[in-house]
Amino acid sequence: MNTRRSMVAGNWKMYGSGAANAALVDGLRQGLAGLGAAAGAVDTLVCPPFVYLAAVAGRLADSGIALGAQNLCAETGQGAYTGEVAGEMLREVGCSHVIVGHSERRALYAESDEIIARKYAAALATGLTPILCVGETLAERDGDQTSAVVARQLDALIAHCGVAALGRGLVAYEPVWAIGTGRTATPAQAQEVHAFIRGRIAAHDAIIAGSLRVLYGGSVKAGNARELFAMPDVDGGLVGGASLKAEEFVAIVAAAAV
Ligand code: PGA
């Protein structure tokens with residue numbers, strides 16, 4: 001039994017509208033309240049698109065559900081960076097967390113390990129808790145490259161930010177082939193990579209590795225959350241599709257509270 005507190009985070013991606021978000025947040029508030037004390041054992045977080053952050057922050061008031069962004073600028077402060085959003089701005093509108101290096105950003109927006117490390121550093125510098133996403137593609141898994149890819153992604157972060165920085169964030173293992181595909185990693189597959197991640201970090205600092213929360217992401221839903229979260233190195237989930245349905249998300253939180 002470890003002492004790491006579970007987290008269930010919802011990545012809303014580019015979904016939602018003012019009305020849909022309000023209904024979703026109200027459903028989450030009601031559903032989590034219905035879990036009673038169990039909900040208090042799990043950290044919960046939602047990550048809406050940038051433009052809705054302030055409105056969702058208002059709607060979340062006093063709910064105990066934290067707010068995160070899905071991305072941030074690698075530069076801090078103010079500046080001529082058209083289309084970008086700084087960590088300070090995210091903090092000002094109520095974010096405590098930010099997802100960094102999601103595979104969709106790596107693949108579709110050409111984010112390199114280096115830019116991701118710079119974004120991670122920018123998050124910490126602005127008082128945000130970063131959630132670093134790592135994970136392999138199907139071709140990489142089939143080519144037995146899973147460990148090498150995850151190691152490269154972690155090592156790049158450690159080389160740029162130092163291992164202590166990892167201790168101030170979370171890691172999410174998200175096999176790319178399991179994202180949005182309905183094809184979840186088996187609990188054993190997830191556990192194997194989570195243990196690898198912890199071991200890789202332990203080689204630098206065993207205490208940080210032991211306390212770091214490593215979330216699993218990739219087609220997590222109410223029906224599979226419990227067996228995934230039962231794995232010793234799985235500390236909760238980063239949930240995409242199922243986080244858009246209040247009932248599903250609440251059931252996943254309940255699974256993490258067990
Ligand atoms: P999914 O997405 O749960 O829809 O597979 C997870 C993620 O991309 O964070």
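The tour goes from the ligand to the cores and a helix, and then to some single residues. Please keep in mind that this is a predicted model.

**Stop 1: the ligand**

Select the ligand and the residues around it. Which residues come nearest? Of the 13 residues around the ligand, these are K13, H102, E174, G180 and S219. Sorted by kind, the shell divides into 4 nonpolar, 7 polar and 2 charged residues.

Now show distances to the oxygen atoms of the ligand. An N or O atom in the side chain of K13 is 2.7 Å from a ligand oxygen. From E174, a polar side-chain atom also lies 2.7 Å from an oxygen atom of the ligand. At S219 it is a polar backbone atom that is 2.7 Å from a ligand oxygen. How much of the ligand does the protein bury? Taken alone, the ligand exposes 280 Å², and 95% of that is buried by the protein.

**Stop 2: the nonpolar cores**

Next, select V8, I197, I201, Y216 and F229. Within the largest nonpolar core, which has 64 residues, these are the ones with the most contacts. Helix α12 gives the most to this core, with 7 residues.

Then go back to I197 and display its surroundings. Leaving out residues up to four places away in sequence, I197 touches V134, V150, L154, V171, Y173 and V214.

**Stop 3: helix α12**

Select residues 246-256, which form helix α12. Which of its residues are buried? They are A246, F249, V250, I252, V253, A255 and A256.

**Stop 4: Q153 in helix α7**

Move to helix α7, residues 146-161, and pick Q153. Is Q153 buried or exposed? With a relative accessible area of 5%, Q153 falls under the 20% limit and therefore counts as buried. A polar atom of the Q153 side chain lies 2.9 Å from the backbone nitrogen of G135. Beyond its neighbours within four places in sequence, Q153 is in contact with R106, D113, V134 and G135.

**Stop 5: T126 in a loop**

Now find the loop between α5 (113-125) and β5 (129-134), where T126 is located. Its relative accessible area is 10%, so T126 is buried. The T126 side chain reaches the backbone oxygen of A122 at 2.8 Å. Further along the sequence, apart from residues up to four places away, T126 touches T76, G87, E88 and R91.

**Stop 6: two aspartates with positive phi**

Select D62 in the loop between α2 (53-60) and β3 (65-69). Phi of D62 is near 60 degrees, a positive value in a residue other than glycine. D62 is exposed, because its relative accessible area is 80%.

Then jump to D144, in the loop between α6 (138-142) and α7. Its phi is positive too, near 60 degrees. D144 has a relative accessibility of 70%, and so it counts as exposed.

Conventions: Residues are numbered from 1 along each chain as its sequence is written. Side-chain values use heavy atoms; hydrogens and water are left out. A residue is near a molecule or strand if one of its heavy atoms lies within 4 Å of it. A polar contact is a pair of N or O atoms within 3.5 Å; within protein, one must be able to donate a hydrogen and the other to accept it, and residues adjacent in sequence count only if both atoms are side-chain atoms. Accessible areas come from the Shrake-Rupley method with a 1.4 Å probe; for residues, only the protein chains shown count as cover. Ala, Val, Leu, Ile, Met, Phe, Trp, Tyr, Cys and Pro count as nonpolar, Asp, Glu, Lys and Arg as charged, and the others, Gly among them, as polar. Buried means under 20% relative accessible area, exposed over 50%, partly exposed in between (1.4 Å probe, protein chains only). Helices (H or I, at least four residues) and strands (E, at least two) are DSSP runs, numbered from the N terminus. A nonpolar core is a set of buried Ala, Val, Leu, Ile, Met, Phe, Trp, Tyr and Cys residues joined through side-chain atoms within 4.5 Å. Contact means heavy atoms within 4.5 Å.
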